[in-house]
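My notes follow the display.

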Amino acid sequence: MDGTLTRPNLDFKAMYQRCGVCTSKDLILEIEAMPAEERRRAWEIVDEMEEHAAQTAELMDGVVPLAQFLSSKSIPMALITRNSKASIATFHERLWRPNNLPELKPALCRAFKPTKPAPDALLHIAEQWGAPPHHLLMVGDSPSNDVVSGRRAGAMTALVDTGRRHFESVGGKTNLVGESQPDFHVCQPDELISLLQTHFHI
């Protein structure tokens, strides 16, 4: 959610530090490998920081127009996040429903294993929707998690790069390669509307 649907407001560096995990590691995997008491305390830290972020989050520019467009075309929307179930509930209650947007279904939190970048969650959504994975578009702000997950599932992928961290000034392409190279690259979500109209039959 953070960085794709909502403005980034979660201090991941502080979260890693408080949990005693190196920022080059996968936080979820590292916590799961901790002894029971350390693991319990680490998840308390993560839950506390995520809940605070969820209570103060704001929608990204362009999210509402994109969601309204998809809804008007009866195109379903789902959510895959490494956040908690409680964060998803807060997001729906605070930000999604007040804009009269349809609930994201399925909405899969980190309890769905394995988490991104594994393709399992996206494949589960494809099965729930009765759609082949290549008919799906995975949208996210993380090349290593969202884009890789989508590509491994066989879906199309779109990178939301609001900070233009992966944007090359010449040619408008990303500087990403391999599995982390998306099919589409936008600076804010509603730029996907014209891409969808051009590249998909909707």
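Predicted model: local features only at pLDDT ≥ 70, side-chain atom pairs only at ≥ 80, totals over all residues.

Entry 1

Entry 1. I looked up helix H4 (residues 63-72) and helix H8 (residues 192-199). Their axes are 9 Å apart and meet at an angle of about 30 degrees. Angles under 35 degrees count as roughly parallel, so I wrote down H4 and H8 as roughly parallel to each other.

Entry 2. Which residues of H4 and H8 meet? On the H4 side I listed Pro65, Leu66, Phe69 and Leu70, and on the H8 side Leu192, Ile193, Leu196 and Gln197. I sorted the residues of this contact into seven nonpolar, one polar and no charged.

Entry 3. I turned to the largest nonpolar core, which has 27 residues. Leu5, Leu59, Phe91, Trp96 and Leu104 have the most contacts inside it. Among the elements that give two or more residues to this core are H4, H8 and helix H5 (85-96). H4 gives the most, with six residues.

Entry 4. I picked Leu104 and left out residues up to four places away in sequence. Leu104 then touches Leu5, Met77, Ala78, Leu79, Phe91, His92 and Trp96. I also found a second, separate core of 15 residues, including Met15, Val21, Ala42 and Ile45.

Entry 5. Apart from neighbours within four places in sequence, Ser149 contacts Lys116, Pro117, Ala118, Pro119, Leu122 and Met138.

Technical notes. Residues numbered from 1 in each chain as written. Heavy atoms only, no water. Axes fitted to C-alpha atoms, helices over the stretch in contact; angles between N-to-C directions. Helix = DSSP H or I, 4+ residues; strand = E, 2+ residues; numbered from the N terminus. Parallel < 35°, antiparallel > 145°, perpendicular 65-115°, else oblique. Contact = heavy atoms within 4.5 Å. Nonpolar A, V, L, I, M, F, W, Y, C, P; charged D, E, K, R; others polar. Core = buried A, V, L, I, M, F, W, Y, C linked by side-chain atoms within 4.5 Å. Buried < 20%, exposed > 50% of the residue type's maximum accessible area, 1.4 Å probe, protein only.
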